[in-house]
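Work through the exercises below with the sequence and the 3D view open. Try each task before you read its solution.

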Amino acid sequence: MSDTLDTLENITYDELNEGDTATFTRTLTEDELVLFAAVSGDVNPVHLDSEFAAGSMFKDRIAHGMWSGSLISAALATVMPGPGTIYLDQSLSFKRPVKLDDTLTVQLKILRKEPKGRVVVECDVRNQNDQKVVIGEAKVIAPSEKVCLHKPRLPKITIEN
């Protein structure tokens with residue numbers, strides 16, 4: 001499964017199998033970085049101030065770690081299992097920084113199915129150079145009923161300085 005279609009179709013608990021995989025891809029833009037700071041309230045200058053970031057261990061501005069984590073959430077909610085998924089638990093290990101214009105691909109893999117609709121999912125996030133950025137595991141409740149719907153149209157957001 002992948003995130004390239006204009007529709008959202010879930011995969012129910014009964015349809016999921018151990019070893020099933022899915023991907024979700026997103027590129028970090030300047031606007032997304034600034035919007036994430038605005039929405040989260042995390043205005044650490046390593047994310048927003050080029051001069052400050054130049055003196056950091058990364059030598060350049062980096063994305064918020066949770067931006068990468070939020071892509072896992074998006075993958076679980078929109079691709080596999082998809083709409084109706086309930087997030088219960090997430091472990092994350094940050095392996096390398098994400099910089100502007102990096103393209104991240106979330107790779108999900110069903111590790112096991114548990115009672116009461118629960119599913120454990122391996123989460124592997126890699127950049128455009130196939131370098132691990134984030135790894136972890138999620139536990140979700142997979143949907144029990146099938147749904148297929150159009151992706152919602154989000155409003156255009158503009159940034160004013």
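**Exercise 1. Locate serine 68, decide whether it is buried or exposed, and list its contacts.**

Step 1. Serine 68 sits in helix H4. Helices (H or I, at least four residues) and strands (E, at least two) are DSSP runs, numbered from the N terminus.

Step 2. Serine 68 counts as buried, because its relative accessibility is 2%. Buried means under 20% relative accessible area, exposed over 50%, partly exposed in between (1.4 Å probe, protein chains only).

Step 3. Set aside the neighbours within four places in sequence; serine 68 is then in contact with Val98, Leu104, Val133 and Val134. Contact means heavy atoms within 4.5 Å.

Two notes on the model. It is predicted: local features need pLDDT of at least 70, side-chain atom pairs count only at pLDDT 80 or more, and totals for chains, interfaces and linings use all residues. Residues are numbered from 1 along each chain as its sequence is written, and side-chain values use heavy atoms, with hydrogens and water left out.

**Exercise 2. Describe H4: its span, its buried residues and what covers them.**

Step 1. H4 has 14 residues. From first C-alpha to last it reaches 21 Å, close to the 20 Å expected at 1.5 Å a residue. The expected span is 1.5 Å times one less than the number of residues.

Step 2. Its buried residues are Trp67, Ser68, Gly69, Leu71, Ile72, Ala75 and Leu76.

Step 3. The cover over these residues includes E2, H1 and the strands E3 (86–94), E4 (103–113), E5 (118–126) and E6 (132–141).

**Exercise 3. Find the buried residues of H1 and explain why they share a side.**

Step 1. Glu32, Leu33 and Ala37 are buried in H1.

Step 2. They cover an arc of only 135° around the axis, which puts them on the same side of H1. The arc is that of the directions from the helix axis to the C-beta atoms.

Step 3. An α-helix has 3.6 residues a turn, so residues three or four places apart point the same way.

Step 4. The buried residues of H1 pack against E2, helix H2 (45–48) and H4. The face turned away from the buried side carries the exposed residues Ala38 and Val39.

Step 5. Just after H1, glycine 41 takes a positive phi of about 85°.

**Exercise 4. Characterise the largest pocket.**

Step 1. Its volume is about 690 Å³. A pocket is an open set of points on a 1 Å grid over the protein atoms alone, where a 1.4 Å probe fits, with protein on both sides within 12 Å along at least five of seven lines; lining residues have an atom within 4 Å of a point. Grid points are joined across faces, edges and corners, and a volume is the space filled by probe spheres set on the points.

Step 2. The lining has 18 residues, and Phe24, Arg26, Glu32, Ala74 and Leu154 lie nearest the pocket centre.

Step 3. E2 (21–27), H1 (30–40) and H4 (65–78) each supply at least two lining residues. H4 gives the most, with seven.

Step 4. The lining divides into 12 nonpolar, three polar and three charged residues. Ala, Val, Leu, Ile, Met, Phe, Trp, Tyr, Cys and Pro count as nonpolar, Asp, Glu, Lys and Arg as charged, and the others, Gly among them, as polar.

**Exercise 5. Examine the backbone at proline 81, lysine 59 and lysine 116.**

Step 1. Proline 81 lies in the loop between H4 and E3. A cis peptide bond joins methionine 80 to proline 81, with omega about 0°.

Step 2. Lysine 59 lies in the loop between helix H3 (50–54) and H4. Its phi is near 65°, a positive value in a residue other than glycine. Lysine 59 counts as exposed, at 60% relative accessibility.

Step 3. Lysine 116 lies in the loop between E4 and E5. Its phi is positive too, near 60°. Lysine 116 counts as exposed, at 73% relative accessibility.
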